[in-house]
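Thank you all for coming. I would like to take you through one model this morning, so please have the sequence and the coordinates open while I talk.

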Amino acid sequence: MSVLNVFNIAGSALTAQSARLNALASNLANADSVAGPDGQPYRAKQVVFAAKPVDGGGLGVRVTGVVDSVAPPRIMYDPKNPAANEQGFVTMPNVNVVEEMVNMISASRAYQTNVEVMNTAKTLMQKTLALGQ
Amino acid sequence: MIDRIDQTLGFHQRALSLRAYRQEVIASNIANADTPHYKARDIDFKASLQGAMGGRGGPLDLVRTAPRHLPAGGNAPAGARLLYRTETQSSVDGNTVDMDVERAAFAENAVQYEASLTFINGLLRSLQSAMQSQ
């Protein structure tokens, strides 16, 4: 059934977009974390999307991996900071807050659109079930 | 008589399955709006329905001899021929999904699907009233 497949497709998109929201929430939360679990400054995480065939036809989305951003770290002058080097510079995470906010808007809009797609498919399915009544 | 009912219902049935298939294809486009290198697809509804009425089958399916093989051709209904959408604004990541176009197509297709359902409902209702005794 093609219309039922829409649920699989939009559902995979919802999962992927929420993974993206998770990653950028952790980026925003750690925008000022001088040291991560490994002692190094936190690096911004980015999710990678790829199209994935779903059962019964159609293409859904899959998160193929979470990669560390290769952007250069932010260098801040703060000699009082315990993480500062001899010259008084602190290596801050390479999180770009503006970029993350834009990313968040994009992810939330994409999520909303896919919910809308699911709702439409549900309405169509219900009308199909009521056929001939 | 029965074959005439079948003929009329058959047309709507094919149209409905093509509409449902198109809905699925556009849902795939919307789901992959942020996937790099994804190419938006759609079907030419008129040509597909003409093909379906002319007895043309769906795209050829490849035989899957191992469970890990990807389905090719898939479950496309009779007559459906998947095409690639001409992009209006190209993006750097190779994605050709234009959200406005897709959303408009999705809404339009949903209405057309409902129209098909209304036609079938009307057909069934007139059949029922024709069969009533008084």
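What pattern does chain B follow, read along the sequence? Before I answer, please keep in mind that this is a predicted model. Chain B follows the pattern α-β-α-β-α along its sequence, with 3 helices and 2 strands in total. Its radius of gyration is 18 Å, well over the 14 Å that the globule rule gives for 134 residues, so chain B is more spread out than a compact globule. The C-alpha trace of chain B spans about 70 × 40 × 25 Å along its principal axes, and buried residues make up 31% of the chain.

Let me turn to the contact between the chains, which takes 29 residues from chain A and 26 residues from chain B. On the chain A side, helix 1, strand 1, strand 2 and helix 2 each supply at least two residues, and helix 2 gives the most, with 9 residues. That side of chain A divides into 16 nonpolar, 12 polar and 1 charged.

Helix 2 of chain A, residues 97-129, packs against helix 1 of chain B, residues 2-31, at an angle of about 165°, with the axes 10 Å apart, which means that the two helices are roughly antiparallel. Their crossing is left-handed. Helix 2 of chain A makes this contact through A:T113, A:N114, A:V117 and A:A121, while helix 1 of chain B contributes B:Q23, B:A27, B:I30 and B:A31; by class, that gives 5 nonpolar, 3 polar and no charged residues.

Technical notes: Residues numbered from 1 in each chain as written. Chains lettered and ligands numbered in written order. Predicted model: local features only at pLDDT ≥ 70, side-chain atom pairs only at ≥ 80, totals over all residues. Axes fitted to C-alpha atoms, helices over the stretch in contact; angles between N-to-C directions. Helix = DSSP H or I, 4+ residues; strand = E, 2+ residues; numbered from the N terminus. Parallel < 35°, antiparallel > 145°, perpendicular 65-115°, else oblique. Left-handed = near helix turned anticlockwise from the far one by under 90°. Contact = placed C-beta atoms within 7 Å. Nonpolar A, V, L, I, M, F, W, Y, C, P; charged D, E, K, R; others polar. Rg over C-alpha atoms; globule rule 2.2 N^0.38 Å. Buried ≥ 20, exposed ≤ 12 C-beta atoms within 10 Å, placed from the backbone.
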